[in-house]
2 protein chains.
Amino acid sequence: MTAKQNIEEGVNFNPKFDSNGLIRTIAQDTKTGQVLMAASMNRQALDLTIQTGYATYFSTSRQKLWKKGEESGHTQKVEQILVDCDQDCLLLKVTVDAGQCHVGYQSCFYRALKKGSSKELEFIAEKVYDPEKIYKK
Amino acid sequence: MTAKQNIEEGVNFNPKFDSNGLIRTIAQDTKTGQVLMAASMNRQALDLTIQTGYATYFSTSRQKLWKKGEESGHTQKVEQILVDCDQDCLLLKVTVDAGQCHVGYQSCFYRALKKGSSKELEFIAEKVYDPEKIYKK
């Protein structure tokens with residue numbers, strides 16, 4: 001096998017972290033198939049996720065490890081960790097309760113581009129919890 | 001509204017491109033909910049996607065625009081473009097035929113980390129086409 005074949009067709013898990021030490025990670029609800037969020041992991045976040053069975057990310061805005069739900073309580077129980085062909089993106093299949101997005105929605109993807117527009121969004125979901133009641137101000 | 005509220009709770013589509021001019025983009029099968037691939041778009045790729053109704057990405061390995069399926073024929077008809085809370089990730093709901101991954105699988109996510117392992121993958125899908133027959137060698 002060539003190196004490329006080994007990455008694409010092999011069974012060695014060799015996640016490719018970028019120049020910032022991060023790998024893109026998508027969380028998808030195992031039951032509904034809904035894509036919940038996209039975030040990043042560094043090596044330590046990935047190791048913690050594997051070890052604990054709960055999703056831990058690396059917050060690029062806060063520059064620190066971020067156990068999903070540490071503040072909100074909305075954790076992600078990881079059922080399966082998938083990796084893509086070139087191993088530069090992970091897909092977590094997770095079990096969750098209500099409200100995965102800090103804005104109050106079940107998913108971070110609660111808006112879509114309006115048909116026929118390139119500039120205007122429309123809301124396609126309702127809030128499932130009040131973030132002001134959950135996050136400390 | 002503050003700038004943050006405007007991004008998170010507003011209806012203005014303001015995709016946040018990173019320092020390389022790229023935005024992370026996920027493609028999800030509208031019918032099955034399967035996550036097919038993760039890629040990047042630059043402004044031009046996004047504009048072309050909106051204008052044509054078919055997914056165009058920016059290939060970071062080839063450093064050029066890449067209309068999905070231009071070589072393989074496996075295009076992605078875009079039904080909906082969703083954006084996440086901080087507008088730094090897009091989610092395309094797409095209609096596809098068989099075989100979205102260049103390795104031969106329906107999805108790029110055809111392997112998962114084995115239960116109890118941090119290093120070994122297992123295949124969770126079968127190939128749906130023979131890439132050697134489709135791609136020029």
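This is a predicted model: local features need pLDDT of at least 70, side-chain atom pairs count only at pLDDT 80 or more; totals for chains, interfaces and linings use all residues.
**Entry 1: contacts and area.** I started by counting who touches whom. I got 47 residues of chain B in contact with 47 residues of chain A. Then I looked up the buried area, which comes to about 3,900 Å² between chain B and chain A. Carbon and sulfur atoms give 57% of that area. I also checked which residues of chain B lose the most area to chain A, and they are B:Arg24, B:Phe109 and B:Arg111. Together those three make up 16% of what the chain B side buries.

**Entry 2: charges and polar pairs.** Next I went for the salt bridges, and the rule finds 2 across the interface of chain B and chain A. One of them I noted down in detail: B:Lys127 with A:Glu9, where the closest N and O atoms are 3.2 Å apart.

**Entry 3: what the chain B side is made of.** I sorted the residues of chain B that touch chain A by class: 25 nonpolar, 11 polar and 11 charged. I then asked which elements of chain B each supply at least two residues to that side. My list reads α1 (3–9), β1 (23–29), β2 (35–41), β5 (77–83), β6 (89–95), β7 (111–113) and β8 (121–123).

Entry 4: Last, I looked at strand pairing. Strand β7 of chain A, residues 111–113, pairs with β5(B) in the antiparallel sense over 2 bridges. For A:Arg111 I looked up the bridge partner in β5(B), and B:Val83 is the one.

Note on methods: Residues are numbered from 1 along each chain as its sequence is written. Chains are lettered from A and ligands numbered from 1 in the order in which they are written. Side-chain values use heavy atoms; hydrogens and water are left out. Contact means heavy atoms within 4.5 Å. Buried area is the accessible area (1.4 Å probe) that two parts lose on being put together, summed over both. A salt bridge is a side-chain nitrogen of Lys or Arg within 4 Å of a carboxyl oxygen of Asp or Glu. Helices (H or I, at least four residues) and strands (E, at least two) are DSSP runs, numbered from the N terminus. Ala, Val, Leu, Ile, Met, Phe, Trp, Tyr, Cys and Pro count as nonpolar, Asp, Glu, Lys and Arg as charged, and the others, Gly among them, as polar. Two strands pair if DSSP finds at least two bridges between them.
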